Structure formats: C-alpha cells, structure tokens
Amino acid sequence: MSSTTLAPSPREISTEPRRSDKVFRGVVTGGGLSSLVILGLIALFLAYRGYEVLRQEGIGFITKAEWAITTDDAGNVLESHFGLSAMLVGTILCSFVAVVIALPVSVFSALFLNFYAPEWMKRILVTIIDMMAAFPSILFGIWGFLVLMPSVEYWGKLINKYMGWIPLFEVKPYFFTRSPFIAGVVLAIMIIPIITSISREIFAQAPLDRIQAAFALGATRWAMIKAVVIPHGRSGVIGGAMLGLGRAMGETVAVYTVLNIVFQINWHVLLGAGGNVASLIILKFGEASPYEIKALMAAGLVLFLLTLIVNALANLIVKTTGKSGR
Amino acid sequence: MTLTAIPTKPWAKSSSDRVRDLVFAILSMAITYLIVAVTPMKGKLAYAILLFFSYAAITGGYSFVTRGAPAAKDAVVKSLVAIGAVFTILPIASIIFTVLKNGLPGIHLSLFTTDMSLATPTDPIATGGLLHAITGTLTMVILALIMSVPIGILTALYLTEINGKFSGPIRFLVQAMSGVPSIVAGLFILSAVLYPITKAYSGLMGSLALTILMIPTIARTSEEVLRLIPNDLREAGTALGGTQWRTVAMIVLPAARSGLMTAVILGIARIAGETAPILLLTGGGDKVNPNAFNGPMGSLPYYIWKSFNAGSPEALTRAWAGLLVLMLLVLVLFVLARALSTRKVSK
C-alpha cells in the first residue's frame, strides 16, 4: 500500500508574452509601420515612373521654364522639353503671398480667441474655424472664382496704383485677371484656420503663473501678451505658418480655378500670369501622351519632396516649442 | 432690519461704460461715413478700413487721455485682434451665404432620384440629377473607410499601447503624411496601381487615393482619444490577468468607442470633397454605377467640377446645387463628430 501524493509542479513564472500578445504586437507594429511603407512607396513609384524624363532633362527639369512636346502621327516623341522652374516659382510665390496675408490675421484672431473673447464667443468661433478647416477645397475654388476674384482684382489694381514703384507690384502689360495674388488670397483663406488653431494651442500653453505675474505687476493686456505670450509662442507660430505653407504648396483645385498658368517665370505678384506645380498636373493630365505623363509624375515627385521637407521642418519646430515652453 | 452686503465686481462694465462704448462705435461710424463722403475713397473696402482706423484712433485717444500711453497701445491692439477675428470669420460667412443663395434654386426632388445619363450639364435644371454622384461618393467613402480605419487605428494603438522604439519616427511620419498633397496621392495610385495592374478608371482607384489621405487624420485623432483613456483601466485589465491583447480589445477600445467614431467622421469629412485625385482616377461616369471595381464612377466633386467647367448658367446652377449638397454633408458630419466628442470617454 502506497499512498503517494502527487505534488503539483510549480507553475513556471515568466514575463514572456503569450502567443496572442505576440501576434497582437506584431499586427499593431505592422499597422504602425504602414505610414512609413506608404510614404516610401509614393517616393519610389513616382521616381520610377519619372526616371526617364528626369534623366533626359537632368537639372534642367528644375531650372528651365519650357514645357513642350512634339510627336509624329504615330505618337512617337520627336522632341520634348520639360522644365518646372516657372511652375516652382509660381508655387512658391502663391504660397508666400498666402502666408504673408494669413499669418497676421491668424495670430491676431488666435490672440483674440485666447485673451479677449468671452468664453461663449470663444466656443462658437473655435467650432466655426475648425469646421472651415474641414471644408473641401473645391468649395473655396469656385467661391474664390465667382465671388472673391472681382474684389481681389480691384485690390490688386489699388496696390499697383499706389505701390507700383516697388518692382514686386509692377504690372506690365496691364493685366490683373487670375494673378498669383488672387490665388494667394484664396489660399490664405484656406490656411487661416490651420494657422489660427495651431497658434491658439501654442498661446494657450503660455505659463499661467507668468501671465498672472505680469497682471499683478500692473501690465495691460497687450503688455502681458508682449512680455509673456509672444516670446513663449514665437517659434511655434512660425512652425504653424510653415505647416500652412506646406498645405498651400500642395493645394490643387482651388488654385487651378483662379490661376492663369503661363510657362514663363514671373515674379510680379499682381500680373495675371502664374504657375503652380499641382495645377500643372491637372491642366496637362487630360490630353497628355504617355511620355508627358512620365514628366507629370516627375513633377509630382518634386512637389512631394518639397511639401515633405516643409512639413517636416514645421513639425520639428512646433514639437520643440510644445515641449520646452521656456 | 438686516444689512446685506452686495458684492461689487469692479472689473464688470458699468452702465456708463456701456454708453461710452456705444458712443465710440457710433462716432467712428459717423467719421467713416463723413470721410467716405468727402474724400474720393469709395467702396466697401474704404468703409471697412476707415471704420477700423477711426475706432482704433478714438479708443486709443480716449485711453491716452485718461490712462496714458500703455493703455492707448492696449486699446489699439484690442481693436486690431478683433479685426483679425472678423477677417477669419468673414470668408466662411460669405461662402455659406453664397452657396445657399446660388444652390437653393438648383435643389429639387428629382435631384436625388435621377442621374445624368440622359442629360447634359447645360440642360434645364429639372432634368437629370445627382443620384450617380451621391452613390459614387458613398461607395468610395465606404471603401476608403474599410481600408483606412484598421490602418489608422492600428497606428494609433502602436503609438499609445506599444509605444516602442519606432514611436517617435512613426508619429513624425504620420504628421508628414497628413501634408501629402492630394494630387500626389492621386498620381501615386495612378503610377502604382492603375497603369500597371487595372489599366482602367474605377471607383476603387479613387478610394485607394482617399485612403492615403484619410489614414493620417484617423491616426492622429484616435491617438489623442486613446491618450485620454485613464491608465487605471489598462492596469485593472492587467491585474485581472488579462493579456495585453484582451485588455486593449475588451477595455481600451470599447472605452474609447465614441472618440474613435469622432476620428472616423473627421476622416470622412476630410475626404468627402477631395477633388484632385478623383479627377485623375475615377473617370467620372454619368450613370449610377454600383460596381466600384469596374467602370467609371461619378462622385460629387467630379459632378461639381464638370458642371462648373461646362460654363452655361444652368450648368453653374447645377454646380452650386452640388456644392450645397457637399457642404451640407460636411457640415452634418462635422456636427456629428462634435456631438460625439463632447463625451470622449463613455461607459
């Protein structure tokens, strides 16, 4: 007779994740890496399709202004010149006009929302501004073309009349319709909500103790803003403006409806002849031959890299100010 | 007889202050009117600018006399920031007003029951409708949702739940992705899918491009929502012996449900009116096409674009009516998102 009791073997304790957790972590990490994969694929495919044109044109793709292709009846390419410089200059010009107009307006309205508006008004205005940021660009484009353009053209004439001696505002020949200035105003209206909401968030992070200290020392509201809020938020606002710049550079439909695209470098803001990389793609896509499509792909690659760089810089600036909070 | 102390609010405006503000406002309007009447400056622009300058001058001057230079500066800045807010709100008011004014004449019942297969944009408004565009937009949005919601939420989960060594770079890349121009997304699908594989326009191509544009919106909003879920809930799940997978699936995600809905709705609002990739990829048919995998598919932005470019007054009315429908769609989605997000952590 033997009574042996089976002692239960002790359970093994480990920090090893279970299989379900391993799968879970794998899937989530895979999903998380998708943004990397997508961005990589975009660059890869656009470069692959545009490679032929980029190799043929070389650096001239960025420095020349001509965009022409001649084919024989069978569709073979006889001669082609693709240069983006006029479009790049136009893109930069339009988006800088937009930022120059939008930045003061946004900063002022962000200050108003944070430090001047009563609570109920602030809540309503913030909702409206956020909503405006979600409006589709075609709405801004058509509204800009039919409603805004006549007034802006008139403003352009006024600026030319009184400040035409500045080379930037020169208009020769006397033609104001569909100028980069008009596109810039439409873009400004589109990016004001973006810059406003970023500036508002940055200003709201201004240290409360210093604000109260400024008031306790007898500062007026403006003196407080100048001494506390602006030094704290300056670089964040610059980052927000650059985010707006990136958005303005990539905008397509709204610009296309209000801009007259001309393949000639034009620095005169008010003259009705501009360029825009994104609009060029929409303009030429309809009747483009396969070879020209490749050139458009290369143009898309240039636009992609340009916006990527601007956005990356902007995010870097916004992030560092959000953390440091001097 | 008891004495009750009445609390005073020295910062509140007294009635004499209100009268003074009113007088200043009327005075500045009067000055503006006078200057416009006397000098050659004319038009709405002159009124707006002069009103601003005269109001700033009057309040600034008054403050300077009563309280000195710093107060004067404060008063001028006050009118400056107010004008900034007005300039921010003015365009949206104008947009909503014009779309309502021009779009309402084009709205009629058959707009929602017929398509444009038997009509051209220049026909009288009563013929043809938006049905193909609405169904097309819905189909594409749903397809884009099926693809982008899992990826977006997984990205957000990686950033909040796993928070591994790639978190920094991935957050950066998601930010960068939200800045990708819509036309570039369209070109990418064109070069990577349409030319080598399908070789034909279809709704699926459009929704692929929309997916790319939608992922960052969903990922960023979901990340913010998941961050709001208190850590206690996660710890409670682990303390009860749940694996991380069970904790996330049974506790964190259900708790964040309404916030995630907000993220999805904001994503839809972002892409519903996206035009550039739609122009490149869908082909924009005039007939109701329920099959997103085959044949050109109409959509609201394409319909608006086509009508706008057709040029005749009827076509323009069609475009405005389409814009009105699109704007209402975005507005409804936005209000819905707001209503859901006011209670971010539910149950």
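Visitor: Why are α6(B) and α7(B) called oblique to each other?

Guide: Angles under 35 degrees count as roughly parallel, over 145 as roughly antiparallel, 65 to 115 as roughly perpendicular, and the rest as oblique. Helix α6 (residues 182-198) of chain B and α7(B) cross at roughly 140°, so they land in the oblique class. Their axes (lines fitted to C-alpha atoms, for helices over the stretch in contact, with angles from 0 to 180 degrees between N-to-C directions) come within 9 Å.

By the way, this is a predicted model, where local features need pLDDT of at least 70, side-chain atom pairs count only at pLDDT 80 or more, and totals for chains, interfaces and linings use all residues. Residues are numbered from 1 along each chain as its sequence is written, while chains are lettered from A and ligands numbered from 1 in the order in which they are written.

Visitor: What makes α7(B) roughly antiparallel to α10(B)?

Guide: Helix α7 (residues 203-228) of chain B and helix α10 (residues 257-272) of chain B pack at about 155°, with axes 8 Å apart. That angle is what makes the pair roughly antiparallel.

Visitor: What makes up chain A?

Guide: There are 12 helices and 2 strands, meaning DSSP runs numbered from the N terminus: H or I with at least four residues for helices, E with at least two for strands.

Visitor: Why is chain A called more spread out than a compact globule?

Guide: The globule rule is 2.2 Å times the number of residues to the power 0.38, and the radius of gyration is taken over C-alpha atoms. For 326 residues the rule gives 20 Å, but chain A has 27 Å, well over that, so chain A is more spread out. Along its principal axes, the C-alpha trace of chain A spans about 115 × 75 × 30 Å.
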